[in-house]
Amino acid sequence: MTAREEAFPRRRFLRELLGFAAVGVLAYGADLGLFVWLRGPVGLGPLTAKALSFLAGCSVAYAGNALGTYRHAAARGPRQYLIFFGVNIAGALVQLLCIAVSHYGLGFTSSRADTVSGAGVGMALATVLRFWGTRSLVFRGEGRVGSWTG
């Protein structure tokens, strides 16, 4: 950690947050691109295609965070990948829960409402959970800001 980063922990937190977001965009692109390819030219069913693209997206996100955002964290390996995968599954469940509450609990049944609840509200909540889980459970330790609030 440089003297400047020690003096400005919020700046360091912001760099961590932006790195996490950039990796997330790349992982989302990998997930979406693979899903479209598997559903289209390859001809797989939607659940198989999504399961494979989700796994690929998680792998891209893990690699990007391990080699980029959290490159200074000491622990890496299969155990951390499994924890990372679990955090991402929890995020996916948050998105599904938002859709379920909106669609079945509140009666907002349009396609637009499902999109807003899953890809809007659900994605925002899931991203907060994933960021917290990634920094607190997977890449905890040196090389990052010590507290949640920075």
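A residue is taken as buried when its relative accessible area is under 20%. In this predicted model, the buried residues of helix 4 are Gln80, Tyr81, Phe84, Val87, Asn88, Gly91, Gln95, Cys98, Ser102 and His103, and these residues pack against helix 3 and helix 5. Helix 4 itself comprises 28 residues and extends 39 Å from its first C-alpha to its last, a span close to the 40 Å expected at 1.5 Å a residue. Just after helix 4, Gly107 adopts a positive phi of about 80 degrees.

Phe84, listed among the buried residues of helix 4, also belongs to the largest nonpolar core, which has 16 residues and in which Ala61, Tyr62, Tyr70, Phe84, Phe131, Val138 and Phe139 are those with the most contacts inside the core. At least two residues of this core are supplied by each of helix 2 (9–39), helix 3 (46–69), helix 4 (78–105) and helix 5 (111–138), with helix 3 giving the most, namely 5 residues.

The cysteines were also considered. Cys98, one of the buried residues of helix 4, has a relative accessible area of 15% and is classed as buried because this value is under 20%. Cys58 is likewise buried, because its relative accessible area of 3% falls under 20%. With a disulfide requiring a pair of cysteine sulfur atoms within 2.5 Å, the count for the model comes to 0 disulfides.

Notes. Residues are numbered from 1 along each chain as its sequence is written. This is a predicted model: local features need pLDDT of at least 70, side-chain atom pairs count only at pLDDT 80 or more; totals for chains, interfaces and linings use all residues. Side-chain values use heavy atoms; hydrogens and water are left out. Buried means under 20% relative accessible area, exposed over 50%, partly exposed in between (1.4 Å probe, protein chains only). A nonpolar core is a set of buried Ala, Val, Leu, Ile, Met, Phe, Trp, Tyr and Cys residues joined through side-chain atoms within 4.5 Å. Helices (H or I, at least four residues) and strands (E, at least two) are DSSP runs, numbered from the N terminus. The expected span of a helix is 1.5 Å times one less than its number of residues. Contact means heavy atoms within 4.5 Å.
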